[in-house]
Amino acid sequence: MRDRTRIAWAITGAGHNLEACADFLLQHPNVDIFLSRAAEEVVRIYSLEARLKASQVRIYHERLSSAPLVVRLFRGDYKILVVAPATSNSVAKFVCGISDTLVTNMFAQAGKSRVPIVVMPTDIAPDMDSVGPHREMVKVYPRPIDLENTARLRRFPGVAVVDTMEEMQRCLATYL
């Protein structure tokens with residue numbers, strides 16, 4: 001097995017906390033970014049595409065949802081997988097064991113390879129304030145099923161669920 005020196009950071013199609021996640025991960029040179037198809041759209045909508053491209057991080061796009069990129073987890077290229085922000089759709093797939101996209105396959109393979117996983121779900125409270133793509137504040141009311149899936153994910157072995165960037169920083173301190 002290779003020495004795990006890099007962090008795999010997967011972004012899903014969520015805007016909530018996206019800019020804070022981008023700010024954080026762009027400060028760390030040992031991060032590879034994996035964008036789902038929906039994440040590519042949201043990164044453009046939130047005007048983060050140029051910042052990501054101008055950085056030193058490697059960016060991988062979802063062209064295939066399986067082997068070429070996912071294999072890097074079980075061959076030991078990464079010491080941790082971060083999924084942030086994670087949409088309610090991705091969280092639901094994680095807890096149901098569905099692996100039909102790049103990010104859900106990465107989650108499954110990291111678990112099977114005992115690579116630690118950190119997830120920052122978008123749906124963490126019954127009502128939340130979120131920044132929209134035009135920097136406006138919007139009120140969001142996650143559905144009970146979304147909150148239940150987040151609670152179920154918190155019980156997964158090998159998975160740390162974080163609610164804030166401060167928690168993310170504390171969680172990743174040993175990996176950076």
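Axes here are lines fitted to C-alpha atoms, for helices over the stretch in contact, and angles run from 0 to 180 degrees between N-to-C directions. The model is predicted, so that local features need pLDDT of at least 70 and side-chain atom pairs count only at pLDDT 80 or more, while totals for chains, interfaces and linings use all residues. Residues are numbered from 1 along each chain as its sequence is written, and side-chain values use heavy atoms, with hydrogens and water left out.

**View 1. Helices H1 and H8 pack against each other.** Helices (H or I, at least four residues) and strands (E, at least two) are DSSP runs, numbered from the N terminus. Helix H1 (residues 18–25) and helix H8 (residues 165–172) pack at an angle of about 30°, and their axes lie 11 Å apart. The two helices are therefore roughly parallel to each other, a label given to angles under 35 degrees, whereas angles over 145 count as roughly antiparallel, 65 to 115 as roughly perpendicular and the rest as oblique. In contact, meaning heavy atoms within 4.5 Å, Ala 20, Cys 21 and Phe 24 of H1 meet Met 165, Met 168, Gln 169 and Leu 172 of H8. By class, this contact of H1 with H8 has six nonpolar, one polar and no charged residues, where Ala, Val, Leu, Ile, Met, Phe, Trp, Tyr, Cys and Pro count as nonpolar, Asp, Glu, Lys and Arg as charged, and the others, Gly among them, as polar.

**View 2. An open sheet has six strands.** The order of the strands is E3-E2-E1-E4-E5-E8, with parallel pairing; two strands pair if DSSP finds at least two bridges between them. The edge strands are E3 and strand E8 (159–161), each of which pairs on one side only. Neighbouring strands of this sheet are turned by 20° against each other on average, direction ignored.

View 3. Buried means under 20% relative accessible area, exposed means over 50%, and partly exposed lies in between (1.4 Å probe, protein chains only).

View 4. In helix H2 (residues 37–45), Ala 39, Glu 40, Val 42 and Val 43 are buried. H2 is followed by Ser 47, whose phi is positive, near 55°.

**View 5. A cis peptide bond joins Ala 84 and Pro 85.** The omega of this bond is about -10°, and Pro 85 is found in strand E4 (residues 78–86).
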